[in-house]
Amino acid sequence: AFNISGVSSVMATLWGISDESSKKIMKNYYQFLKSGMTKDLALQQAQLTFLKDPKISSPAFRLPVYWAAWIPLGDQRGLPSPSPAVPWYYLAAGLLLLAWLGYRRFRG
């Protein structure tokens, strides 16, 4: 259904998991994804971080039932690169140039 509606990828779980562990894994997943990783690699790194960082998970939460259910489906490419923003001074210089050209053209 997602594919037919145009969604290129979905992050799903194979079974119901804890909201607490989901929140921690997904927070790291999106940070890794924003850093340029592909979706599958970002998920892997988020899960490894969840397992290794004692500030994020306790030994009880390191059981696979809390982190191993996540699977990426569909297109695994990373996020598209954002288009670079045009600095304001380029826009200002362009407007001044247009105003100057208009003035010279219609001045007589």
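Predicted model: local features only at pLDDT ≥ 70, side-chain atom pairs only at ≥ 80, totals over all residues.
Reader: Is Ser-22 buried or exposed?

Author: One compares the relative accessible area with the cut-off for burial, under 20%. Ser-22 has 14% relative accessibility and therefore counts as buried.

Reader: How many salt bridges are there, and which residues are linked in a network?

Author: A salt bridge requires a side-chain nitrogen of Lys or Arg within 4 Å of a carboxyl oxygen of Asp or Glu. The count here is three. Glu-20, Lys-23 and Lys-24 make up a network.

Reader: How many residues apart in helix α1 are Lys-24 and Glu-20?

Author: Lys-24 and Glu-20 are four residues apart, and so about one helical turn separates them. Lys-23 and Glu-20 are three residues apart in helix α1, again a separation of about one helical turn. As for accessibility, Lys-23 is exposed at 52%, whereas Glu-20 is partly exposed at 35% and Lys-24 partly exposed at 26%.

Reader: Which side chain meets Arg-77 in a salt bridge?

Author: Arg-77 meets the side chain of Asp-75, with an N to O distance of 2.8 Å. Arg-77 counts as exposed, at 60% relative accessibility.

Reader: How many aromatic pairs are there, and why is the pair of Tyr-29 and Tyr-30 edge-to-face?

Author: There are two aromatic pairs. The ring centres of Tyr-29 and Tyr-30 lie 5.0 Å apart with planes at 70 degrees, so this pair is edge-to-face. Tyr-29 is buried at 4% relative accessibility, whereas Tyr-30 is partly exposed at 47%. Phe-61 and Tyr-66 have ring centres 4.7 Å apart and planes at 55 degrees, and this pair is therefore tilted.

Reader: Which ring does the charged end of Arg-105 sit over?

Author: The charged end of Arg-105 sits over the ring of Phe-106, 5.9 Å from the ring centre.

Reader: Which residues form a nonpolar patch on the surface?

Author: The patch consists of Val-86, Trp-88, Tyr-89, Tyr-90 and Leu-91, with about 650 Å² of accessible area together. Tyr-90 lies in helix α4, residues 88–106, and is exposed, with a relative accessible area of 54%.

Key
Residues numbered from 1 in each chain as written. Heavy atoms only, no water. Phe/Tyr/Trp six-rings, centres within 6.5 Å; stacked < 30°, edge-to-face > 60°. Buried < 20%, exposed > 50% of the residue type's maximum accessible area, 1.4 Å probe, protein only. Lys NZ or Arg CZ within 6 Å of the ring centre and 35° of its normal. Patch = residues over 30% accessible without salt bridge, like charges linked within 9 Å, V, L, I, M, F, W, Y side chains within 5 Å. Areas by Shrake-Rupley, 256 points an atom, 1.4 Å probe, with all protein chains shown as cover. Helix = DSSP H or I, 4+ residues; strand = E, 2+ residues; numbered from the N terminus.
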